[in-house]
Amino acid sequence: MANRIVLWLAFATQFIAIDATAADRANKVAANPDRSFHNPTGQIDLWINQRLAADGETAGEQSSDAEFCRRVWLDLAGVAPPIWEVREFISDKEPGKRSRLIERLLESPRFASHMATRYSLALLPQDAGLLASNDLESLTTWLREAFRENKPYDHFVGAFLTASGDEPGPTMFYTTRDADPVKVASATSRLFLGIGIDCAQCHDHPFSKWTQDDFWTFAAFFSQLEIPEQGMQQRNVVRDRVGKELTFPESDRIAEPRYLGVEQPPEPDPTDFRRRQLTIWLASRSNPYFATAAVNRVWAHLFGRGLVNPVDEIDSIDYATHPELLRYLSDYFISIRFDLKQLYRTIAKTDAYQRTSRSTTHRPAAESYAMMHTKTLSPEQYYDSLQQNVIRSGTSDIAQGSQTIFMRQQFAQRMRDSGATPLEYSHGVVQALGMMNGPEMMSATAEQSSGLIAGVNAPFYDDTQRVEVIYLACVSRYPNDDEVKRCLAYLGDEAIEATRDEKFGDLIWVLANTAECFVCP
Amino acid sequence: MTFSRRSLLTRIGPASAFGMSMMRHQLLCQAAEAATQAGRHCIVLWMAGGPSQLDTFDMKPQTSVGGPLKETQTSVPGIRFSEHLPKLAQQAERLAILRGLTTKEGDHTRGAILMHTGNKVDGPVRYPAIGCALSKAIPHSDCPLPGYISVAPAPIAPAAYSPGLLGPKFAPTHVRSGARDDADEFASLKVDYLTPQVPVRSRRYQQRQALWDLAQQDFLSERNLPNVVAQDTMYRSALTMLESDGKNAFNLAEETDQVREAYGKGTFGQGCLMARRLIERGVPMVEVALGDGLGWDTHADNFEQVKSLSQQLDNGWATLMNELAERGLLERTTILWAGEFGRTPTINQNSGRDHFPQAFTCVLAGGGVKGGQVYGETAKDGSEVVDGRMEAGDLMATLCRAVNVDPQLENMTSDGRPIKISEGKVIKDVVV
């Protein structure tokens, strides 16, 4: 126990030391942080706004209702709002409707699904393109369940990292990396500590303090991993063999496990189960990187960039744009016992999150948070929105359902770029051609397959209302007068050789291929 | 004035360029000039499965490892290779045969990735395929087509075609082969997503585009942000391509049957023809695969299979070089012949050869390459490289130099780390 405290102190002081430099550097904020965490939402805005004032910037206006509705749906539910949701949200006159929507989405199963998709992408190696879909499904199911029950983040990570043979989902984290301690250690430190330590695999890290020793002794926590010879039924099984050691490269020297940056050896584990030994420190409040990395990732999810950016460079916290805010959020997350939903709730309710991304004039830097910046949709967000609002094929039919899953995978594989941040658009001509002429757009715009075209044909609509419905479905807002006029002119243009349904398909094509449809506003 | 393509064909060969009619010459020069402005080109001829060096370019006749296939004298004194590559044998002065390749990757997927990137497989850095890196490095802004087009890529190693750290913008456009090759018909090659549902010249298309254009302008005026601008730029380039004549490059029916037959009717031959048409239109990087998945993976019946593959290879490759040369394009186009590894000197009990990365052959040809030479040597029993040893990285560095791209050119990872295209060493004897 004494050992544990020493450890903690060593960490805490080191961390505070880094942080103090950062605070000195920023030295612009003199606030009384709300240490009791009564009003964390307000406190976040206070940090942001004080910094804006110090930099002579003005905060942008609040987003419009339609803009907010599309944003919060895409961010929390992973999909654009259904048409009727936008209509209802805009016409709702009761106060507090934004907070109510946030609450409702966080409690909906869609939030759990969206988080599961996000995490499965983050957890698997970037080029793991050829995974059997039922394997992937077992991982997503495990994750979905964890997010649905809102398992505290420390428990979640602990359970994830110590999963073994009878949990085929999480073990994919190891099997897709061939149970190689080097790959697993790199991924673990990036994901859960926010530290890209893998550069130290071959040489001491050029910009930060990590050495090759740090890397290899950390990787030693995964030295026991092995993949047993497997039959066809037993996929993605790993086991831990006590006594299996990792040696330093080109040497016989055994790497003794050490927590990152900690001199003292870890407390022995009763059965010498090293992964468990690691999680006792890793997913705990005494490891300051853990909570900081988590809140930084949540921030990046909602704002498109981390307070420390890239998100796996938490160790260079000196370069955080708002170091005090990051530290505050980290403390807050610990104080609410790693309640992930609560953290999302708190940040989503800030003014900073709810500002507009619209500006025709001056636009302050993204990292000022004076305005929201548009985030490029992930392939899944785009595909699911198109599927839900435009194609609308029922998933009750099993064949249809698996066809949809297949199309979604194909689309995601074509569009995937794990290296890009949401503030970039990394696709090229090839992807643009695939968007315009690919099978998804065919389904969305052909009268036989597009549920939206069938829907707008309802006799109680006039053409203006039909145009409205198409706008709501594709870009989650009502069209303005100009837009209505243009679309009506197109529908009425008799020189165009196309049926009415084909013309509706064309309007869908136009909107589904706009930049507006590719971003979260 | 007309001319007979057949009569020209019979005269195809390095020396035949002088015999061309003036009109044809002019036509070819116009196409060539367009290509000159676009700079250099590179074609990778990918031998999926791992081709047998001992039965193609590094033969050991009359030895225990030699097998039944025979050598022939080529147009360069002293250079001998398989008699089943007769047309290539007539243009050996264009080839630099590299007999000293050696790697540690004996697995198809890993070997394909290594031989496409020249860099460590599976390390922390996602290295791009050489085609992605070269298409990024060679300027081709006037080219109405994608910068890297890959014909019939081997499906087992998608990572071998990955743009990696360069991002999906630099991913290859795939051309797929329709059905299995049939001896009687030309292989049908199809490009993904190049045909819009609405005909380009119709009023419908134009009015629809006008609506899209206004929608983009409106959104950009209020959201002038990097990702929005990038989406708009990429879409506009894609639309230019759709609306241009450049995509006719993919329509092989524009060629006469005689020309198509000279290349060979199969996927590889027709792919080589497509490569020529793409290079004419300024595309910097083309890859054509031979071996329908893993065709060169000759664990059994090696010699018959290699014979038949060699015929396809000979027709496609030799015709491609001749036609490029006729158009003045070969001197600007570097060709790399490679597979994931070589095959064992030992012949197994199924008359096959197994995977052998220790010592095998690749070939460079065309622009920037000092042809008419053999570089490197394997032991008499083929078991190891005894001279002119080259690793995958050296091959890529040498290829870059031949294409006139600095192999030390750096690209940034997403976390700002500079990564050179290749850290290998350029084999100076091989490049001009």
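Q: Which residues have the most contacts inside the largest nonpolar core?
A: They are I470(A), I508(A), L511(A) and L45(B), in a core of 262 residues. A nonpolar core here is a set of buried Ala, Val, Leu, Ile, Met, Phe, Trp, Tyr and Cys residues joined through C-beta atoms within 7 Å, and a residue is buried if 20 or more other C-beta atoms lie within 10 Å of its own, exposed if 12 or fewer and partly exposed in between, with C-beta atoms placed from the backbone. Please keep in mind that this is a predicted model, in which local features need pLDDT of at least 70 and side-chain atom pairs count only at pLDDT 80 or more, while totals for chains, interfaces and linings use all residues. Residues are numbered from 1 along each chain as its sequence is written, and chains are lettered from A and ligands numbered from 1 in the order in which they are written.

Q: What does L45(B) touch?
A: Leaving out residues up to four places away in sequence, L45(B) touches V288(B), L290(B), W317(B), I335(B), L336(B) and W337(B), where contact means that C-beta atoms, placed from the backbone, lie within 7 Å.

Q: Is β12(B) buried or exposed?
A: Seven of the seven residues of β12(B), which spans 360-366, are buried, so the strand is largely enclosed by the rest of the structure.

Q: What is the strand order in that sheet?
A: The open sheet has nine strands of chain B with mixed pairing, in the order β7-β6-β5-β8-β1-β9-β12-β4-β13. At the edges stand β7 (189-191) and β13 (373-375), each with a single partner strand, so one side of each lacks a neighbour in the sheet.

Q: Changing topic: how many residues of chain B are in contact with chain A?
A: There are 48 residues of chain B in contact with 52 residues of chain A. The largest share of the chain B side, 12 residues, comes from α6(B). By class, that side has 24 nonpolar, 14 polar and 10 charged residues, counting Ala, Val, Leu, Ile, Met, Phe, Trp, Tyr, Cys and Pro as nonpolar, Asp, Glu, Lys and Arg as charged, and the others, Gly among them, as polar.

Q: Last one: at what angle do α4(A) and α22(A) pack?
A: Helix α4(A), residues 83-91, and α22(A), residues 463-475, pack at about 100 degrees with their axes 8 Å apart. Here I83(A), V86(A) and R87(A) in α4(A) meet V469(A), L472(A) and A473(A) in α22(A). Axes are lines fitted to C-alpha atoms, for helices over the stretch in contact, and angles run from 0 to 180 degrees between N-to-C directions.

Notes:
Helices (H or I, at least four residues) and strands (E, at least two) are DSSP runs, numbered from the N terminus. Two residues are in contact if their C-beta atoms, placed from the backbone, lie within 7 Å. Two strands pair if DSSP finds at least two bridges between them.
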